[in-house]
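These are my notebook entries on one structure. I record what I looked up and what I found.

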Amino acid sequence: MSCCEMRIDQLNFPTEVEYDGIHAFGIGHESCVLKFIRIVREARLLEFAGRQRVSGKEIRLVTPFVPERHLNEMKTVLREVLAYPVFADCVVVVNDLGMMNYIHRIDETRRMCLGRGLIACFDYAPWGRHIYEHELPSVQKAVAQVSLYDDEKTALFRHYQVTEVETDLTDGSVESLRELQKEGFKVYIHRSSVLYGTQRSCYIRRRSSDQTCSGVECEQIEKIEPYQLWDSAGFFEVPPDTEFPTMYLRGNQICGRVYDTICDWADGTILRME
């Protein structure tokens, strides 16, 4: 039976709910360093994670991409958090190569998982398949592979104790992910949303220079209407057969609807409270 993980990446995550069928909890944030720091220091969430660990469920620490201005603070927080009993021997999900290197330097035996912020594929773009749909089948197969599928990259990540990856799933990326699985890496698939990209800052904060980070308002989803942006300058007409993907802003992420791709072969799936 594959593992089902619930992601604790919101300050208002409900902790009084019975999470039947959930085998693991990932606490932290994959893209926002400010929210990560607040979440991993939130007593209510840490107490919940501690109870789940005692009950036999796996706890994972999810870390984000880290801008240089927050690097020293993030190092301090990581040293602090990794010493908590609830995170003893846990897998750390990394979305920043610098953080991967730092974690390995302070704890050479710590197992890590590559987050979806470090895995690229043409298929992961909003119109991914259209980029190469007119290429030869052999070319289509090559460009649809995930970015770490070669011997040199896998050897590098093994050196850093990376034993797992988590990513989005498309029809084009299935084959290379299954090959990666055969090489001994566990593969976990996000099933609540697709991550198209990460912005420099949260869209809530960009609306006003006076806006402070509450860590809660940024969970409000704002839909993006690409067809309006396409012809807003008046230079283009939208072709009648063009299908624009569903896209929305959430915090500093640009997300979309999960693709209807079968993933029963994966080692696990990842959910979040939407």
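**Entry 1: S31.** Which residues does S31 touch, not counting residues up to four places away in sequence? I found that S31 touches P64, F65, T198, N252 and Q253, where contact means heavy atoms within 4.5 Å. I note at once that this is a predicted model, in which local features need pLDDT of at least 70 and side-chain atom pairs count only at pLDDT 80 or more, while totals for chains, interfaces and linings use all residues. Residues are numbered from 1 along each chain as its sequence is written, and side-chain values use heavy atoms, with hydrogens and water left out.

I located S31 in the loop between β2 and α1. Helices (H or I, at least four residues) and strands (E, at least two) are DSSP runs, numbered from the N terminus. S31 counts as buried because its relative accessibility is 6%; buried means under 20% relative accessible area, exposed over 50%, and partly exposed in between (1.4 Å probe, protein chains only).

I then looked up the polar contacts of the S31 side chain. One is with the side chain of N252, at 2.8 Å, and another is with the side chain of Q253, at 3.2 Å. A polar contact is a pair of N or O atoms within 3.5 Å; within protein, one must be able to donate a hydrogen and the other to accept it, and residues adjacent in sequence count only if both atoms are side-chain atoms.

**Entry 2: α1 and its cover.** How many of the 8 residues of α1 are buried? I found 6, and α1 is thus mostly covered. The buried residues are V33, K35, F36, I37, I39 and V40. Their cover includes β1 (3-8), β2 (24-28), α2 (43-54), β3 (58-62) and α3.

**Entry 3: α1 against α3.** Two packed helices are described by the angle between their axes and the distance between the axes. For α1 (residues 33-40) and α3 (residues 71-82), I recorded an angle of about 25° and axes 11 Å apart. That makes α1 roughly parallel to α3. Axes are lines fitted to C-alpha atoms, for helices over the stretch in contact, and angles run from 0 to 180 degrees between N-to-C directions. Angles under 35 degrees count as roughly parallel, over 145 as roughly antiparallel, 65 to 115 as roughly perpendicular and the rest as oblique.

On the α1 side, V33, F36, I37 and V40 meet E73, M74, V77 and V81 of α3. I sorted the residues of this contact into 7 nonpolar, no polar and 1 charged. Here Ala, Val, Leu, Ile, Met, Phe, Trp, Tyr, Cys and Pro count as nonpolar, Asp, Glu, Lys and Arg as charged, and the others, Gly among them, as polar.

**Entry 4: α3 against α4.** At what angle do α3 and α4 pack? I recorded about 45° for α3 and α4 (residues 97-106), with the axes 11 Å apart. The two helices are therefore oblique to each other. L71, M74, K75, L78, R79 and L82 in α3 meet M99, Y102, I103, R105 and I106 in α4. The residues of this contact divide into 8 nonpolar, no polar and 3 charged.

In α4 itself, M99, M100, Y102, I103 and H104 are buried. Among the elements that cover them are α3, β4 (92-94), β5 (112-114), α7 (151-159) and β6 (162-167). I also looked at the N-terminal end of α4, which D96 caps: a side-chain oxygen of D96 lies 2.8 Å from the backbone nitrogen of G98.

**Entry 5: positive phi.** I noted D89, which is not a glycine and yet has a positive phi of about 60°. D89 is in the loop between α3 and β4 and is exposed, with a relative accessible area of 64%. Q161, also a residue other than glycine, has a positive phi near 65°. Q161 lies in the loop between α7 and β6 and counts as partly exposed at 29% relative accessibility.

**Entry 6: R7.** Leaving aside neighbours within four places in sequence, the residues in contact with R7 are F13, G26, V62, E166, H190, I270, L271 and R272.
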